Amino acid sequence: MSDQPEKAQDPKLEQNKSEKPMSFITMVVITGFIGGLLWSSIAYICYMFSFTQIEPNIILEPWAIGQWKDTWLGIVISIFAYGIVSIGVALVYYGILKKIKSVWAGAAYGIALFLVVFLVLHPLFSSMKPVTELDYNTIITTICLYILYGVFIGYSISYEENELRHQSEKQETRSS
C-alpha cells in the first residue's frame, strides 16, 4: 500500500506528464491549412452540383499545363494548393484582425478576399469570366463560400486569441 503514493507522484509515468501547448502561430497555420482544404472541397462539391461555374482547379491554371488538371489528381492537388495559399490568408488575418472579436470581421474579410480574387487577381485566371459575365447562382454561391471561409478563419483565430488573453489575465490575477 505504501507504493501507491509514490506512483502517483512519479514524473516518469504517462499520466503525470503535462502536454505542451501549441504555439499560437502553429494554430494559425493549421487553421489556415484546414480551412483551405475544407472550403475548397465544399467549393468543388458546389461545382459538381452546378451551383457555380468556376472550377476549383482554376488555381492551377497559371502554373500547370495539360489536361491532367481536370482529372482526380488535378482536383486533389488543387485542394492542397488552396490549403497552402490559405495558410498565408490566415497569417494575414492574424497580423491585422486577430483582436477583433466579431464574426462580422471574418465575414468582411471573406468579402475582401472575394474582391481581391475576382477584381485584382482576375488576369491570372484567363478561363474565368469577369464578375459582370457570371450568372447569379455562381456569384451568390461564391460570395457565400468566401464569407463562410472568412468567418471560419476569422472566428477561429479571434476566439483563440481571446482565450489566450483571458488565460494570461487569469494567471496574472492568481499571481497578484
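Predicted model: local features only at pLDDT ≥ 70, side-chain atom pairs only at ≥ 80, totals over all residues.

Colleague: What does the secondary structure of the chain come to?

Modeller: The chain has five helices and zero strands. Read from the N terminus, the order is α-α-α-α-α. Of its 176 residues, 34% count as buried. Among contacts with a separation of 6 or more, 70% are between residues 24 or more positions apart.

Colleague: How do you know that the span of α3 agrees with its number of residues?

Modeller: α3 has 26 residues, and at 1.5 Å a residue these should span 38 Å.

Colleague: Which residues of α2 are buried, and what do they pack against?

Modeller: The buried residues of α2 include Phe24, Met27, Val28, Trp39, Ser40 and Cys46. Glycines are there too, namely Gly32, Gly35 and Gly36. The buried residues of α2 pack against α3 and α5.

Colleague: What covers the buried residues of α3?

Modeller: The cover includes α2, α4 and α5. Among the residues of α3 that are buried are Gly74, Ile79, Ser86, Val89, Tyr93 and Leu97.

Colleague: Why is Ser40 called buried?

Modeller: Buried means under 20% relative accessible area. Ser40 has 5%, so Ser40 is buried. Ser40 is placed in helix α2.

Colleague: What makes the approach of Ser40 to the backbone oxygen of Gly36 a polar contact?

Modeller: The cut-off is a pair of N or O atoms within 3.5 Å, one able to donate a hydrogen and the other to accept it. A polar atom of the Ser40 side chain lies 2.6 Å from the backbone oxygen of Gly36, so the pair is within that cut-off. The Ser40 side chain also reaches the backbone oxygen of Leu37, at 3.3 Å. Leaving aside residues up to four places away in sequence, Ser40 touches Gly35, Pro56, Ile79 and Tyr82.

Colleague: Where is His122 placed, and why does it count as buried?

Modeller: His122 is in the loop between α4 and α5. The limit for buried is under 20%, and His122 has 18% relative accessibility, so His122 counts as buried. A polar atom of its side chain lies 3.4 Å from the backbone oxygen of Lys129. Not counting residues up to four places away in sequence, His122 touches Val117, Met128, Lys129 and Pro130.

Colleague: Why is Tyr155 called partly exposed?

Modeller: Buried is under 20% and exposed is over 50%, with partly exposed in between. Tyr155 has 41% relative accessibility, so Tyr155 counts as partly exposed. Tyr155 is found in helix α5, residues 136-175. With residues up to four places away in sequence left out, Tyr155 touches Val103 and Gly150.

Colleague: How far apart are Tyr155 and Ala105 in sequence and in space?

Modeller: They are 50 residues apart in sequence and 8.4 Å apart in space, C-alpha to C-alpha.

Colleague: What volume does the largest pocket have, and which residues are the closest to its centre?

Modeller: The volume of the largest pocket is about 740 Å³. Its lining has 28 residues, and the closest to the centre are Ile59, Tyr82, Val85, Val117 and Tyr146. The elements giving two or more residues to this lining are α2, α3, α4 and α5. α2 gives the most, with five residues. By class, the lining of the largest pocket has 21 nonpolar, six polar and one charged residues.

Colleague: And how do the residues lining the second largest pocket divide by class?

Modeller: That lining has four nonpolar, three polar and five charged residues. Among the residues of this lining are Gln53, Glu55, Glu61, Lys69, Asp70, Lys129 and Leu134. The second largest pocket has a volume of about 230 Å³.

Conventions. Residues numbered from 1 in each chain as written. Heavy atoms only, no water. Helix = DSSP H or I, 4+ residues; strand = E, 2+ residues; numbered from the N terminus. Buried < 20%, exposed > 50% of the residue type's maximum accessible area, 1.4 Å probe, protein only. Contact = heavy atoms within 4.5 Å. 1 Å grid on protein atoms, 1.4 Å probe; cavity = no way out; pocket = protein on both sides within 12 Å on 5 of 7 lines; lining within 4 Å. Points joined across faces, edges and corners; volume = space filled by probe spheres on them. Nonpolar A, V, L, I, M, F, W, Y, C, P; charged D, E, K, R; others polar. Expected span 1.5 Å × (residues − 1).
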